[in-house]
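Hi there,

Here is the model I promised to send over.

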Amino acid sequence: MTLRILAVGKKHESWVAEGIGRYEKRLRKPWQVQWQLLPHSAQQEEQARTEESTRILGKLQDAEFVVLLDERGKMLSSPKLAQTLEQQLQRRNATVIIGGAYGVDERVRQRADLVWSLSDLVFPHQLVRLILVEQIYRAGEIAAGRPYHHV
């Protein structure tokens, strides 16, 4: 099964790409990550959010498990994330969405099976990408019973 990250924004900055590469090399099946980047809208605020959300929704499949990253979402522990992803990846593909600078509209929130917050803090999009891949790696290690995560 595929774990896709659908992100609005430019390509990874070099320091982010290096960090992402480090964790992606360590990932083991079924925890393989596939990136799909969508360009920012040329619009502002609500129009940008609507346009980007429409493009995001156009990339989603009906049967896949969709996770939306949003600071207003549910906080998960690393073991809970591991359990959730392990269960879902056994049955279907999953997509994690990182919205644009203005976020996503209610249609994307409604489509998401899980709205997940990495933190009460807000991070730059490039840093979110790196944190997300590290958490996916950590989840895979936890699910496999390997010692990367210490309780």
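Val-67, Leu-81, Leu-85, Val-96, Leu-114, Trp-116, Leu-132 and Ile-136 line the largest cavity. Among the elements, α3 (78-89), β5 (114-117) and α5 (125-143) each give two or more residues to that lining. By class, the cavity lining has 8 nonpolar residues, no polar and no charged ones. Its volume is about 40 Å³, and the structure holds 1 cavity of 30 Å³ or more.

A word on the source: this is a predicted model, with local features needing pLDDT of at least 70 and side-chain atom pairs counting only at pLDDT 80 or more, while totals for chains, interfaces and linings use all residues. Residues are numbered from 1 along each chain as its sequence is written, and side-chain values use heavy atoms, leaving out hydrogens and water.

Now the largest pocket, which has a volume of about 410 Å³. Its lining takes in 21 residues, of which Leu-69, Asp-70, Glu-71, Val-122 and His-125 lie nearest the centre. At least two lining residues come from each of β3 (65-75), β5 and α5, and β3 gives the most, with 5. The pocket lining has 12 nonpolar, 6 polar and 3 charged residues.

For the terms: on a 1 Å grid over the protein atoms alone, a cavity is a set of points where a 1.4 Å probe fits but cannot get out, a pocket is an open set with protein on both sides within 12 Å along at least five of seven lines, and lining residues have an atom within 4 Å of a point. Points are joined across faces, edges and corners, and a volume is the space filled by probe spheres set on them. Helices (H or I, at least four residues) and strands (E, at least two) are DSSP runs, numbered from the N terminus. Ala, Val, Leu, Ile, Met, Phe, Trp, Tyr, Cys and Pro count as nonpolar, Asp, Glu, Lys and Arg as charged, and the others, Gly among them, as polar.

Best wishes
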